[in-house]
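Thanks for coming. I will go through the salt bridges, then the surface and the pocket.

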Amino acid sequence: MKIPLYHVDAFSSQVFGGNPAAVCPLPQWIDETLLQAIASENNLSETAFLVRLPDGYEIRWFTPTVEVDLCGHATLASGFVVLNMLEPASHTVQFHSKSGPLRVSRSDTLFSLDFPSLPPKPCAVPDLLTKALGKPPDKILGSRDYLAIYLTEEDIRCLKPDMSLLQQIDRLGVIVTAPGSDADFVSRFFAPGSGIPEDPVTGSAHCTLIPYWSNRLGKTHLHAYQVSARGGELFCEDQGERVRISGQAVLYSEGTLYL
């Protein structure tokens, strides 16, 4: 069996920036254990698998250890592959996922995700979480992930979480955020329990970050930066029940898997 593989750096205009994702188009679905083995072998934060449908593509995402129900950067990377390599005459592609329909559109070099809004709410906070983060946040809210809110960008950049403790939390991951010095807000994302100690740029986390910061700042268009070692720039819009997450992407490599 031969499977095409595209390695795309999402939310970046240059290779070695943003968040790398593998994209593997398939003629049909193969066994789930093989999908997971491929993602583990790729050893990127996400590998996206695509199967063509009459009205788009079905998409699934795997970390090196588990399947997840929503991933932003690998969907943006998949949109980049479809709209540049598989269907270059198209400007929009629809993906069908476990989180419902997701759309990627292209305008010049910018790719935009149409994702569900996942606003955070007050929640019970395990003592373990504050201990794991090292520095207590100003507030913690909850959605799919915990959202820990700090006062300054420097707080976010200086965090050194205890990954062995974070691995024990009861949600997919932890988003940390604060006002930005050159952006409306900055963030980082940790999900060691899913095989991702720190994700370089996390589109799905912005499903929670966008409604929070839109409400806090009183504006619907937001400029975001994820301050990981690789870094990533996102242009965001709060559309109520949906959010728009835009960024650039660049192809690093393409090849073939032999299985």
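**Salt bridges, patch and pocket**

Glu67 has a relative accessible area of 23%, so this residue counts as partly exposed. Keep in mind that this is a predicted model.

The partner of Glu67 is Lys98, in a salt bridge with an N to O distance of 3.2 Å. Lys98 sits in the loop between β6 (92–97) and β7 (100–107) and Glu67 in strand β5 (residues 67–68), so the pair ties together parts 31 residues apart in sequence. Lys98 itself is exposed, at 58% relative accessibility.

Next, Arg103 and Asp114 form a salt bridge, with 3.0 Å between the closest N and O atoms. Arg103 belongs to strand β7 and Asp114 to strand β8 (residues 110–116), so this pair links parts that are eleven residues apart in sequence. Arg103 is partly exposed at 35%, while Asp114 is buried at 18%.

In total the structure holds twelve salt bridges.

Val15, Phe16 and Tyr252 make a nonpolar patch of about 310 Å². Val15 is in the loop between β1 (2–10) and β2 (19–26).

Strand β15 (residues 232–238) gives the largest share of the lining, three residues. By type, the lining has three nonpolar, nine polar and two charged residues.

Key: Residues are numbered from 1 along each chain as its sequence is written. This is a predicted model: local features need pLDDT of at least 70, side-chain atom pairs count only at pLDDT 80 or more; totals for chains, interfaces and linings use all residues. Side-chain values use heavy atoms; hydrogens and water are left out. Helices (H or I, at least four residues) and strands (E, at least two) are DSSP runs, numbered from the N terminus. Ala, Val, Leu, Ile, Met, Phe, Trp, Tyr, Cys and Pro count as nonpolar, Asp, Glu, Lys and Arg as charged, and the others, Gly among them, as polar. Patches are made of residues with over 30% relative accessible area and no salt bridge: like charges are joined within 9 Å, nonpolar side chains (Val, Leu, Ile, Met, Phe, Trp, Tyr) within 5 Å. Accessible areas come from the Shrake-Rupley method with a 1.4 Å probe; for residues, only the protein chains shown count as cover. A salt bridge is a side-chain nitrogen of Lys or Arg within 4 Å of a carboxyl oxygen of Asp or Glu. Buried means under 20% relative accessible area, exposed over 50%, partly exposed in between (1.4 Å probe, protein chains only).
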